[in-house]
Amino acid sequence: MTETDVSQFEVRAHPKPKSAGERAAILADPGFGRDFTDHMVTIKYTEGKGWHSAEVGPYGPLSLSPATAVLHYAQEIFEGMKAYHRADGRVGLFRAEENAVRFQRSADRMAMPMLPTDLYLASLQALIDVDRAWVPEGEDTSLYLRPFMFASEEFLGVRPALEYTYCVIASPAGAYFKSGPHPVTLWVSRDYTRAAPGGTGTAKCGGNYAMSLKPQAEAIQKGCEQVVFLDAVHRRYVDELGGMNMFFVYEADKTIVTPPLGTILPGITRDAVFTLAEETGYRVVERPYSIEEWRADADSGALTEAFACGTAAVITPVGVVRDGDVEFSASGGVAGPVTMGIRQRLLDIQHGKAADPYGWTSIVG
């Protein structure tokens, strides 16, 4: 099939879409991941035939055989990204091509077919063309897009599937923190690790998130909002949070330290922070960063700020860290100026309130 032609998507209108009033009520308080637009994208892949049967159809249940491969061997991947209502009234995406490339890398790691970049982008455009009215216009709101792919062959056998289904669904999303971003409290997981060298840590697959649920529950039991994982080999170097990358700010020498890639997810927001930090005169250094260094530098004051970043929360200041019975924090546990400055700069670019000198944004509606 032709990769770049949006018109190749057959459009089947939802027979009973939400009314304008129902949609307005949802957009007034969208929350996160609880309500979905009227339509979804599906594209099929068959070994020997390639990608085919692209359509935008009504949002609804998927019909799967009990022997569908994904239910047994977990061949599935996903992406997370947002469509933004811009200051000029148009709808834009942020670094969508990078999400497409990461989706391909995840597919390759999970022995799945790689969706061409142009077809990935066309699927987003096709859905937004139909459901543009679902893009919220409020401050810090967006339309969250969830592309995903799974092994849909009906077969029980430990091998890569011969059939796959790619989908895109969309959900209006409100501000992650309704009262503004506040410093999150972290629990250091000593009993569980997120990923090991050679594993699936750099792929955006559900298994990475499923394994984080138990330690995340432990964090909540300890009065914390998020869990921070240490490396699987030495059990002392910071890996990442359950779904966010970490950064550590040193005001004295204008550096920001972040764990290197290898077992952590290469975040799209993470990569943007490198560029925006340089705008403010900071140099980002990728290197192993131990929990002992984090505590010592926080206690001494050398570490002036810490923050996490990801698509959902954008950039989140880190407050108190709890490691067993020990607690420590940088910047007195409050949101620091570097963290909040980079966050606001990023939001302004995403929402079209500031010029985009990096070509990160694209117009889709």
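How many bridges join S9 to strand S10? I looked this up before anything else.

**Entry: the model**

I am working on a predicted model, where local features need pLDDT of at least 70, side-chain atom pairs count only at pLDDT 80 or more, and totals for chains, interfaces and linings use all residues. Residues are numbered from 1 along each chain as its sequence is written, and side-chain values use heavy atoms, with hydrogens and water left out.

**Entry: strand S9**

I took helices (H or I, at least four residues) and strands (E, at least two) as DSSP runs, numbered from the N terminus. I counted two strands as paired if DSSP finds at least two bridges between them. Four bridges join S9 to S10 (residues 226–230), and the two run parallel. Trp 187 stands opposite Val 227 in S10. S9 also runs parallel to S16 (residues 314–323), with three bridges. There, Val 184 faces Val 318.

Next I checked burial (buried is under 20% relative accessible area, exposed over 50%, partly exposed in between; 1.4 Å probe, protein chains only). S9 spans residues 184–189, and six of its six residues are buried. One side carries Val 184, Leu 186 and Val 188; the other carries Thr 185, Trp 187 and Ser 189. Both faces are covered.

**Entry: the largest pocket**

I used a 1 Å grid over the protein atoms alone. A cavity is a set of points where a 1.4 Å probe fits but cannot get out; a pocket is an open set with protein on both sides within 12 Å along at least five of seven lines. Lining residues have an atom within 4 Å of a point. Points join across faces, edges and corners, and a volume is the space filled by probe spheres set on them.

The largest pocket holds about 720 Å³. I found 33 lining residues; closest to the centre are Tyr 144, Lys 204, Tyr 209, Gly 243 and Ala 312. Elements supplying at least two lining residues each include S7 (142–151), S8 (163–173) and H6 (213–221). I sorted the lining by class (Ala, Val, Leu, Ile, Met, Phe, Trp, Tyr, Cys and Pro nonpolar; Asp, Glu, Lys and Arg charged; the others, Gly among them, polar). The count is 15 nonpolar, 13 polar and five charged.

**Entry: the cavities**

I get three cavities of 30 Å³ or more. S5 gives the largest share, three residues. By class, I read five nonpolar, six polar and one charged.
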